[in-house]
Number of protein chains: 2
Amino acid sequence: MQKTAFAIKGNLFYSADKDHLVSLPSGYLICEDGKSAGVFERLPAGYEGIPVEDYGDSLVIPGLVDLHLHAPQYGYRALGMDLELLDWLNINTFPQEARYADLSYAEKGYRIFTEDLAKGATTRACVFATIHVPATELLMDLLEKTGLKTMVGKVNMDRNSPAYLCETDAAQSLADTEWWIADCEGRYQNTVPILTPRFTPSCSDTLMEGLGKLQKRTGLPVQSHLSENRSEVAWVKELCPETGCYGESYDRFGLFGGDGCPAVMAHCVYSAGEELDLIERRGVFIAHCPQSNTNLASGVAPVRTFLDRGLRVGLGTDVAGGFSASIFRAMCDAVQASKLRWRLSDDSLKPLSMQEAFYLGTLGGGAFFGKVGSFEKDYEFDAVVLDDSGLRSPMELTPEQRLERVIYLSEESAVAAKYVAGCKIKG
Amino acid sequence: MQKTAFAIKGNLFYSADKDHLVSLPSGYLICEDGKSAGVFERLPAGYEGIPVEDYGDSLVIPGLVDLHLHAPQYGYRALGMDLELLDWLNINTFPQEARYADLSYAEKGYRIFTEDLAKGATTRACVFATIHVPATELLMDLLEKTGLKTMVGKVNMDRNSPAYLCETDAAQSLADTEWWIADCEGRYQNTVPILTPRFTPSCSDTLMEGLGKLQKRTGLPVQSHLSENRSEVAWVKELCPETGCYGESYDRFGLFGGDGCPAVMAHCVYSAGEELDLIERRGVFIAHCPQSNTNLASGVAPVRTFLDRGLRVGLGTDVAGGFSASIFRAMCDAVQASKLRWRLSDDSLKPLSMQEAFYLGTLGGGAFFGKVGSFEKDYEFDAVVLDDSGLRSPMELTPEQRLERVIYLSEESAVAAKYVAGCKIKG
């Protein structure tokens, strides 16, 4: 079969690694069968005559990756931010999530969510739904149509949850989950189910054990929360006195990475010592969610430590602990939070640079989806074209400076086009 | 002479004080000769038949007040954020400000700045220009035309500054300042000169003394910087060994508030003890600039202390230490920074609520301009109409909830109309 190739032209940027940003002004980025064939100053031999979409002076970057957000919480983002995690869940979150038992409400909420997500610079996301299978499938149907590549989780919770948002028992929770996974099979090109125990406090051992077995059988990825807030960490210690750290409460059931179990854990604000060792050993991804951790006054995760140890880290918006669904904003928040952490509590950890934050929001998180988040050869062709003409300046700015401004001031620039795995889904 | 009156109708909000947000859904706000005649559920006797602009379901709030920003820095906001204050000044700021000696460059930069400021929700601002009189007057001319009410300062700096951005000596700096003030006389309706010693390190005692005398003679207000960064505070201590605190380095020359000397000092991150006493005694306004203080890793000012002591506080964007020129963003940043301060370094100071931040960005800062920042009777009629229809939700939201969302997500809503002192300048 003949390969189909095209190129887009613009000021190209991507992270080679956390310390190196590659920049190619007026460069060509070639797509071949949904993957990058590399970036070039001019079209190389063998590609002469392929279609070229010329984006002029625009900036072109890899699609942004959101490793953690809650779709049903999108409707009340930016509301009731004066609470810490456990109160915030009980007062703001659980009553809202319960409404997703009603499919017509779910359709309203999820339609707004998917439309807005599709408009922004995100191309990949790990998404929590609710415990409700029909609404979760509706969300998957809507996301599928956007062309975004997402992992979506029907949430499991069978204890310590309000009666109106608690599965009957582990058996029902597992049966629903198995039914859902079977029902998803063969149904989606862009959308993958991901096992989603909400967090240890809301999942019984029996449920965790069943999910662990299901993971082993299906090979599905796992997402959950870890060491976000002090009261939560203390609660887990009470609930699982026999585990050495919060992470172990997932690990003992095979839900914490390792061979054949891709796992992403949100927050890790208080992960340290043996928990970080375990994260490293198991190759668990960390979804750093700086805005949520600020809004809920959880704290600031030691991302510098994560990077220095070579852990796998990306960014999450954590809507609606975070009010913004923008990973650009998450990059900016990550840098800012690291500065205040350095200034206010621990000057041994140097603040993050914007280059590092850019890495986190593209290649760092992208790795959870495979070869994603870079323009290097063989990476999936996810690209975002940014029109920053609204960001005027009397200065002559280099493309690098313009990129920095776009990240900080993303709300003033526009996503002019967006490609996911070689398909143009916007622009 | 007959009074001219009109009303606008919408969901009205304003702060009665820092603890009380007044809300009047579908209310009437009456303007009479540029001032508020109050808010009403229906048009009261004596006002029947006046023109009413009906903004339907929109939110209407007092114009926002920016107590501290640097117009010449607007062109490079969001660039080079990886430095602390003193390096940031030398590397990023001073070379840029020097370019404002060139009027054609100044025109480019200041035109962009004024156009963007006019578009947003700000109605009043205290603005630093540069040392250059012609460019400062150009800025004032441009601001005057927008209809915004601003105080603009030609900056004074005669020491510890690079040769390319340093006035020859105190005599020249003072002569230029006097010439500038005389030249402004009778020229503006909306624009007021404000004395602007950059900060103690860049102003000799002779210059400060001269400015103090000039202040006494003219009664002009004063703006400057105070206790922003640890190295800066240490430097002032070295430069002025005889003063008990940084604030005293202004106060001893009559440039720190008190009778007939309205003064606003930006930052006050490290103001404490006798400096706070002096601020209180002199009625000095504090411009809290949370984003700048985060970007330059300066720290977080103890705003809770300021409020508890009844000090006068408002918000500043401090463009370009801050990258955003939005006071909505400053409200959000103020809440967030206070949460991290509480969590990371001092849990004796309760985080700010959004209601308090709204007060700071309206009435708190507005008081520096007189009766400004409220819809109560006799306040100047500054009003902003906000269209939040882009912020969709499946929930039914109260007007209060919509206001909270608009503040956090201001970049996704729009300023539909803006009034300053009774004049409609936008919409």
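Which residues does A:Ser204 touch, not counting residues up to four places away in sequence? They are A:Asp158, A:Arg159 and A:Ala170, where contact means heavy atoms within 4.5 Å. Before going further, a word on the ground rules. This is a predicted model, in which local features need pLDDT of at least 70 and side-chain atom pairs count only at pLDDT 80 or more, while totals for chains, interfaces and linings use all residues. Residues are numbered from 1 along each chain as its sequence is written, chains are lettered from A and ligands numbered from 1 in the order in which they are written, and side-chain values use heavy atoms, with hydrogens and water left out.

Back to A:Ser204, then. This residue lies in the loop of chain A that runs between β10 (196-197) and α5 (205-218); helices (H or I, at least four residues) and strands (E, at least two) are DSSP runs, numbered from the N terminus. A:Ser204 counts as buried because its relative accessibility is 15%; the classes are buried under 20% relative accessible area, exposed over 50% and partly exposed in between, with a 1.4 Å probe and protein chains only. One of the residues it touches, A:Asp158, also makes a polar contact with it, side chain to side chain, at 2.6 Å. Such a contact is a pair of N or O atoms within 3.5 Å; within protein, one must be able to donate a hydrogen and the other to accept it, and residues adjacent in sequence count only if both atoms are side-chain atoms.

Next, look at the sheet in chain A. Four strands form an open sheet in the order β11-β12-β13-β14, with parallel pairing; two strands pair if DSSP finds at least two bridges between them. At the edges stand β11 (222-226) and β14 (312-315), each with a single partner strand, so one side of each has no neighbour in the sheet. On average, neighbouring strands are turned by 30° against each other, direction ignored; the axes are lines fitted to C-alpha atoms, for helices over the stretch in contact, and angles run from 0 to 180 degrees between N-to-C directions. Strand β13 (residues 285-288) pairs with β14(A) in the parallel sense over four bridges, and A:Ile286 stands opposite A:Val313 in β14(A).

Charged pairs come next. Over all chains there are 54 salt bridges, each a side-chain nitrogen of Lys or Arg within 4 Å of a carboxyl oxygen of Asp or Glu. In one of them, the closest N and O atoms of A:Asp277 and A:Arg309 are 2.8 Å apart. This pair links distant parts of the chain, 32 residues apart: A:Asp277 is in helix α8 (residues 273-282), and A:Arg309 is in the loop between α10 (303-308) and β14. A:Asp277 is partly exposed at 35% relative accessible area, and A:Arg309 is partly exposed at 29%.

A salt bridge also joins A:Asp333 and A:Arg329, at 3.3 Å between the closest N and O atoms. Both residues are buried, and they are separated by about one helical turn because they sit four residues apart in helix α11 (residues 327-344).

Finally, consider both chains. A network of salt bridges links A:Glu115, A:Asp116, A:Lys119 and B:Arg392. Chain B is superposed on chain A by a rotation of 180° with 0.0 Å of shift along its axis (RMSD 0.0 Å), using least squares on the C-alpha atoms of residues with pLDDT of at least 70 in both. The two copies are therefore related as by a two-fold rotation axis. The same surface serves both copies, since 100% of the contact residues of chain B recur in chain A.
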